[in-house]
Amino acid sequence: NRDGTLAWARRAGGTASDVGRGVAANPDGSAVVTGYFAGTASFGGTSLQTAGTYDMFLVRYYADGTLAWAKQAGGTGITDLEGYGVAAFSDGSAVVTGQLKGTASFGAGETNATVLTSNGTAEPDMFIARYSPANYRMLEIKPEDLKGNGTFAAKVDYATGNHPDID
């Protein structure tokens with residue numbers, strides 16, 4: 001709250017490693033959070049299960065702290081997909097960035113489902129994924145959209161909804 005008093009707090013995760021890495025506030029007061037988890041992670045009444053080593057999560061909490069939805073992306077086998085940063089746009093969409101080792105699926109079962117594979121197994125690659133405001137469905141990822149400078153943070157101008165490195 002504006003006066004510094006606690007509005008709400010929530011616990012999420014499971015018995016294995018669960019890490020929150022990035023949070024962004026939407027103009028409506030809701031919050032979008034990203035990170036990664038192993039095994040099973042619970043967010044409110046929603047449980048997510050990894051198929052690989054680590055999967056990325058993207059969750060949205062309403063302004064009152066109730067869970068709106070929880071999404072995940074990841075792969076099978078030795079796949080490491082970690083969400084590090086998230087930015088929220090004025091239209092309600094969100095962009096997530098982080099690291100990828102192996103092959104991971106984003107938006108499985110959706111129109112714009114995308115599979116990304118890292119260029120090797122020794123060191124991770126960067127990924128960027130944009131999710132639409134309608135239930136945060138995956139939007140198309142194209143190689144030319146990757147204009148980043150190697151950092152994992154993003155900032156959005158709420159007046160315009162633009163980010164200098166993301167169209």
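Gly20 touches Thr34, Gly35 and Phe57 when residues up to four places away in sequence are not counted, a contact being defined by heavy atoms within 4.5 Å. The structure is a predicted model, in which local features need pLDDT of at least 70 and side-chain atom pairs count only at pLDDT 80 or more, while totals for chains, interfaces and linings use all residues. Residues are numbered from 1 along each chain as its sequence is written, and side-chain values use heavy atoms, with hydrogens and water left out.

Gly20 is placed in strand β1 (residues 18–25), where strands (E, at least two residues) are DSSP runs numbered from the N terminus. With a relative accessibility of 59%, Gly20 counts as exposed; here exposed means over 50% relative accessible area, buried under 20%, and partly exposed in between (1.4 Å probe, protein chains only).

Side chains of opposite charge can pair when their charged atoms come close. A salt bridge is taken as a side-chain nitrogen of Lys or Arg within 4 Å of a carboxyl oxygen of Asp or Glu, and by this rule the count comes to 3. One of them joins the side chains of Asp28 and Arg60, at 2.7 Å from N to O. Asp28 lies in the loop between β1 and β2 (31–37) and Arg60 in strand β5 (residues 52–61), so this pair ties together parts that are 32 residues apart in sequence. Asp28 is partly exposed at 48% relative accessibility, whereas Arg60 is buried at 15%.

A salt bridge is also formed by Lys71 and Glu110, at 3.3 Å from N to O.

Notes:
Helices (H or I, at least four residues) and strands (E, at least two) are DSSP runs, numbered from the N terminus.
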